[in-house]
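Colleague: I am new to this one. Please walk me through the terms and what backs them up.

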Amino acid sequence: MAKPKPRVRLPKSISAGVPFTVKTRITHPMHTGLRHGSDGALVPRRIVNRFTVQFNSEVVMSAELEPAVSADPYIEFEMAVPESGELVFEWVDDDGSVYSLRKSIDVA
Amino acid sequence: MAMTRRCVLLMAAAAAFLPGGAAGNENGVMQAIAEFTGGATPLDGGVNLLIPEIADNGGAVPVRVEAAAARRIALFTDGNPYPGVAVFSLGRLASSAAAIRIRLAGSQTVIAVAELADGSYRQATRSIAVTVGGCA
């Protein structure tokens, strides 16, 4: 499998205290463990089971994901920041891998 | 997503036996909700669950859930092999809403349960028709 590629989209300009939308996506097959491959064998479960977002080390939101989440998990939420800082996004794979992405925010 | 013919046939057969209307409990969704709420029964209202009425592709159904003053929001389904979909924990900086794309194995009911800041639980229930199941 190709290495999962995380992507995050933020508005071009962000003001302190004003809510904005964060769109996140990671390429990942999210194998449910219930489906059979072309050889007839069960494809073992492998999903992104946890997603967390932190701003300056404070948890903004986290999500526990189950196999019912679509392939290439897409998650969108709204947040506001009081000051400039760094957003850290982390996706945790069933195999223990952690895929992360950092985005710095300069409030206007 | 790659889908085998066997999977599509199985899902279609499963969908044919689903009851309409109220949420069923074939996959243990009631127990899963009770586990999330610690046994409390969620009240209706206070949660806005936005899903399409009909989804052509059960492999990626957009779902948005909003609940004022929610600390945690969980999504459940009554017709997938497993009842749980996702649990969002929302911190101080996040607003009380989230959107995600989910798999639905066939026409069924989606349930959103929110834990509010005062410790109470609220829920919203929406049924959805799925044309092609998503192999969940």
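**Salt bridges and the interface**

Modeller: Start with Glu78(A), which counts as buried at 14% relative accessibility. This is a predicted model: local features need pLDDT of at least 70, side-chain atom pairs count only at pLDDT 80 or more, and totals for chains, interfaces and linings use all residues. Residues are numbered from 1 along each chain as its sequence is written, chains are lettered from A and ligands numbered from 1 in the order in which they are written, and side-chain values use heavy atoms, with hydrogens and water left out.

Colleague: Why is Glu78(A) called buried?

Modeller: Because buried means under 20% relative accessible area, exposed over 50%, and partly exposed in between (1.4 Å probe, protein chains only). Glu78(A) has 14%, so buried is the word.

Colleague: What makes Arg64(B) and Glu78(A) a salt bridge?

Modeller: The rule asks for a side-chain nitrogen of Lys or Arg within 4 Å of a carboxyl oxygen of Asp or Glu. For Arg64(B) and Glu78(A), the closest N and O atoms are 3.1 Å apart. The pair crosses between chains, from strand S4 (residues 61-66) of chain B to strand S5 (residues 74-79) of chain A. Strands here are DSSP runs (E, at least two residues; helices are H or I, at least four), numbered from the N terminus.

Colleague: Which residue of chain B pairs with Glu58(A)?

Modeller: Arg92(B), with the closest N and O atoms 2.7 Å apart. Glu58(A) sits in strand S4 (residues 58-65) of chain A, and Arg92(B) in the loop between strand S6 (84-90) and strand S7 (94-102) of chain B.

Colleague: How do you know which residues of chain B are in contact with chain A?

Modeller: Contact means heavy atoms within 4.5 Å. By that rule, 31 residues of chain B are in contact with 29 residues of chain A.

Colleague: What area do chain B and chain A bury between them?

Modeller: About 2500 Å², with 53% of it on carbon and sulfur atoms. Buried area is the accessible area (1.4 Å probe) that two parts lose on being put together, summed over both. Leu93(B), Arg101(B) and Arg103(B) supply 28% of the area that chain B buries against chain A, more than any other three residues.

Colleague: What makes S4(A) and S6(B) a strand pair?

Modeller: Two strands pair if DSSP finds at least two bridges between them. S4(A) and S6(B) are joined by 5 bridges and run antiparallel. Ser62(A) stands opposite Ser89(B) in S6(B).
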